[in-house]
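Please consult the sequence and the structure shown here while reading.

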Amino acid sequence: MNVVPIPNEVWLNDYERDAVWDIAQSSVSSFTYPEVMALDGEGGAKARALLEAEPMNYGWIEGSPGFKRAVASRYRREVPDSQILQFNGASGANLGALTALVGAGDHVVVEWPTYQPLWEIPRALGADVSLWELRRENDWKPNLDALERLVRKDTRLICLNNAANPTAAVLSPDDLERIAEIARWSGAYVLSDEVYLPVVEDQGFVSIVDVYERGVATNSLSKSYSVPGCRIGWTVAPDGLSDKIRSVRDYTLISAGVPNDVIATLVLEHADQVLDRNRAIAAERAATVEAWLAKQSRASWVAPNGVPVSYLSLDLPAEMDDRTFCLKILRERGVLLIPGSCFELPGGVRLGYCCPADVLDMGLTLLGEALAEL
């Protein structure tokens, strides 16, 4: 396998500790540990008692029964326990699912732009990868006829990022129905990384597993649920395929950890409360960005509509690329952004607008000053 670096992860690893004003991250403003514990409704007492009662062994290898019940409750169809597997974040879930699905010579179609592992892992596994491009000039809306032209009789997998990082593009239920129809023609599976979907489900968006019998969903507690430090994700996959993913998982994880499982279950059992909080944060912060954009001549976005990640287009001078600009604003003003070129989208940045309000306010103020100097 030729495993290539993930540019945005390299960027964060190199520079995020230098930031004073971090407006680059992709989660909704994270919970503190006491805030998570307090979800139990008893000031954390019940949650702490659960943690203290658990022996520090391997725990439930695939995730506890309570965790699996809580995951299953987030889907519209009935999902049996056998189809749910716990992983180390969505990163682990995607790696496990793609490794089980894709082999050398397989044809894979990937929605693009997207999080790089969704196309690089299939490439590393030897697949022939075609990119289904969503365009900025079309407000990142999907061209399903273009997808249909890319799918072949030997297509093994269509890979989606719904909602997408960094563009915030969301596929509607009608879009998913059409994608399922296209996939059935070749018998392809459809894998959907849905880490940003829960926070916009109140707008009617649905999981691929609720639409397509060969749908595979990956998700985690990191983005929509604001506990990336928990490091828990999962796959939902049809019987048969889930057994293959289970075998891959035995090579990479064993278990995700007893404390992590307890915390993840607590968060998912109170998912509605968590998502209400995060939808309010996304709406408030988006209004802040919109007000800021109204005063800017060098910045624009396609409104993310509640998705807690966004791509900000910048009008930069011809002699300055986005990486140079991001390094300049970090060194001179302490503001962290991720260059769009890290996602093969040069000329802009990923803006993590769902950060704490004071961080966003100051980050945007300093970004505005830097743009005014160009």
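About 50 Å³ of space lies in the largest cavity; a volume is the space filled by probe spheres set on the points, with grid points joined across faces, edges and corners. The model is predicted: local features need pLDDT of at least 70 and side-chain atom pairs count only at pLDDT 80 or more, while totals for chains, interfaces and linings use all residues. Residues are numbered from 1 along each chain as its sequence is written, and side-chain values use heavy atoms, with hydrogens and water left out.

The largest cavity is lined by Arg 74, Tyr 75, Glu 194, Leu 197, Pro 198, Glu 201, Ser 207, Asn 219, Tyr 225 and Trp 234; lining residues have an atom within 4 Å of a point. This lining comprises 5 nonpolar, 2 polar and 3 charged residues. In this classification, Ala, Val, Leu, Ile, Met, Phe, Trp, Tyr, Cys and Pro count as nonpolar, Asp, Glu, Lys and Arg as charged, and the others, Gly among them, as polar.

## The open pockets

A pocket is an open set of points with protein on both sides within 12 Å along at least five of seven lines. The largest pocket holds about 760 Å³ of space. Its lining consists of 34 residues, and those nearest its centre are Gln 25, Ser 26, Ser 27, Lys 223 and Pro 228. Helix H1 (7-15) and helix H5 (89-101) each contribute at least two residues to the lining of the largest pocket; helices (H or I, at least four residues) and strands (E, at least two) are DSSP runs, numbered from the N terminus. By class, 11 nonpolar, 15 polar and 8 charged residues line the largest pocket.

The second largest pocket has a volume of about 360 Å³. Of the 22 residues that line the second largest pocket, Leu 50, Ser 64, Asp 261, Val 262 and Thr 265 lie nearest its centre. Helix H3 (45-53), helix H4 (65-72) and helix H10 (258-269) each supply at least two of the lining residues, and H10 provides the largest share, 6 residues. The lining of the second largest pocket has 9 nonpolar, 8 polar and 5 charged residues.

## Helices packed against H13

Two packed helices are described by the angle between their axes and the distance between the axes. Axes are lines fitted to C-alpha atoms, for helices over the stretch in contact, and angles run from 0 to 180 degrees between N-to-C directions. Helix H12 (residues 322-333) and helix H13 (residues 357-372) have axes that come within 11 Å and cross at roughly 120°. H12 and H13 are therefore oblique to each other; angles under 35 degrees count as roughly parallel, over 145 as roughly antiparallel, 65 to 115 as roughly perpendicular and the rest as oblique. In their contact (heavy atoms within 4.5 Å), Phe 325, Ile 329 and Arg 333 in H12 meet Leu 366, Leu 367, Glu 369, Ala 370 and Leu 371 in H13. By class, this contact of H12 with H13 has 6 nonpolar, no polar and 2 charged residues.

Helix H11 (residues 271-293) also packs with H13, at an angle of about 20° and with the axes 11 Å apart. H11 and H13 are therefore roughly parallel to each other. From H11, Glu 284, Arg 285, Thr 288, Val 289 and Trp 292 meet Ala 357, Leu 360, Asp 361, Leu 364, Thr 365, Leu 367, Gly 368 and Leu 371 in H13. The contact of H11 with H13 has 7 nonpolar, 3 polar and 3 charged residues.

## H5 and H9

H5 packs with helix H9 (residues 241-252) at an angle of about 115°, and their axes are 8 Å apart. Gly 96, Ala 97, Thr 99, Ala 100 and Leu 101 in H5 meet Leu 241, Lys 244, Ile 245 and Val 248 in H9. By class, the contact of H5 with H9 has 6 nonpolar, 2 polar and 1 charged residues.

## Backbone features in loops

A cis peptide bond with omega of about 5° joins Trp 112 and Pro 113. Pro 113 lies in the loop between strand S3 (107-112) and helix H6 (117-124). The peptide bond from Asn 165 to Pro 166 is cis, and its omega is near 15°. Pro 166 is located in the loop between strand S5 (155-161) and helix H8 (173-186).

Asp 139, a residue other than glycine, has a positive phi, near 55°. Asp 139 is placed in the loop between strand S4 (128-133) and helix H7 (144-150).

Technical notes. 1 Å grid on protein atoms, 1.4 Å probe; cavity = no way out; pocket = protein on both sides within 12 Å on 5 of 7 lines; lining within 4 Å.
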